[in-house]
Amino acid sequence: TEPCDLYAGSYVSLSPIDAPIRDGTWLPQLQIGIRWPLRRYSLWAWRLTPTNMVQWARWRCLEWKTLFNTLPTNFSKWRFEEALHEMAHASLDDAGCSIPRH
């Protein structure tokens with residue numbers, strides 16, 4: 001699986017909308033995601049506290065294991081390791097996401 005994003009502007013869920021959304025001129029543009037550090041997605045409605053970050057990573061790993069019977073081979077595309085280290089001083093192993101070894 002590959003992370004993706006459809007919006008080229010600066011909008012992140014629940015943040016103030018920018019002109020293309022407001023004006024109705026926005027068109028989907030498929031591009032590689034996750035474009036920003038995960039801390040940017042920490043909003044008043046969903047705070048990425050250290051505990052929440054570990055629980056979120058654990059949940060995402062459970063989703064992958066359930067849907068695909070495996071974990072992504074390259075977590076760096078998803079920016080989990082970066083966020084766990086920066087925001088929770090934790091690793092993927094701490095979150096129960098063992099990195100596939102070949």
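**Exercise 1. Getting an overview**

Among contacts in the protein between residues at least 6 apart in sequence, what percentage join residues at least 24 apart? Work this out, then describe the overall make-up of the chain.

*Solution.* Keep in mind that this is a predicted model.

- Step 1: Take the contacts between residues at least 6 apart in sequence; 61% of them join residues at least 24 apart.
- Step 2: List the elements. The protein has 3 helices and 2 strands, and from the N terminus on they run β-α-β-α-α.
- Step 3: Turn to burial and surface. Of the 102 residues, 31% count as buried. The protein exposes about 6,800 Å², with carbon and sulfur atoms supplying 58% of that area.

**Exercise 2. Reading helix H2**

Check the span of H2 against what its 19 residues should give, then find which residues of this helix are buried.

*Solution.* 

- Step 1: Pick out the buried residues of H2: Met53, Val54, Ala57, Cys61 and Trp64. Seen down the helix axis, they fall within an arc of 100 degrees, so they line one face of H2.
- Step 2: Look at the face turned away from the buried side, where you will find the exposed residues Thr51, Thr66 and Leu67.
- Step 3: Follow the chain past the helix. Asn69 comes after H2 and has a positive phi, near 60 degrees.

**Exercise 3. Helix H3 and its partner**

Find the buried residues of H3 and name the helix they pack against.

*Solution.* 

- Step 1: Within H3 (residues 80–88), the buried residues are Phe80, Ala83, Leu84, Met87 and Ala88. Viewed down the axis of H3, these residues fall within an arc of 100 degrees, so they line one face of the helix.
- Step 2: The buried residues of H3 pack against helix H2 (50–68). Seen from the other partner, the buried residues of H2 pack against H3.
- Step 3: Just after H3, His89 takes a positive phi of about 50 degrees.

**Exercise 4. The core and the loop**

Which residues touch the most other members of the largest nonpolar core, and is Pro72 buried or exposed?

*Solution.* 

- Step 1: The largest nonpolar core has 20 residues, and Leu38, Met53, Phe75, Phe80 and Leu84 touch the most other members. H2 and H3 each supply at least two residues of this core.
- Step 2: Take Phe75 as an example. Setting aside neighbours within four places in sequence, Phe75 contacts Cys61, Trp64, Phe80, Glu81, Leu92 and Cys97.
- Step 3: Pro72 lies in the loop between H2 and H3. Its relative accessibility is 9%, so Pro72 counts as buried.
- Step 4: Finish with a distance. Pro72 and Cys97 are 25 residues apart in sequence, and their C-alpha atoms are 9.9 Å apart in space.

Technical notes
Residues are numbered from 1 along each chain as its sequence is written. This is a predicted model: local features need pLDDT of at least 70, side-chain atom pairs count only at pLDDT 80 or more; totals for chains, interfaces and linings use all residues. Side-chain values use heavy atoms; hydrogens and water are left out. Buried means under 20% relative accessible area, exposed over 50%, partly exposed in between (1.4 Å probe, protein chains only). Helices (H or I, at least four residues) and strands (E, at least two) are DSSP runs, numbered from the N terminus. The arc is that of the directions from the helix axis to the C-beta atoms. Contact means heavy atoms within 4.5 Å. A nonpolar core is a set of buried Ala, Val, Leu, Ile, Met, Phe, Trp, Tyr and Cys residues joined through side-chain atoms within 4.5 Å. The expected span of a helix is 1.5 Å times one less than its number of residues. Accessible areas come from the Shrake-Rupley method with a 1.4 Å probe; for residues, only the protein chains shown count as cover.
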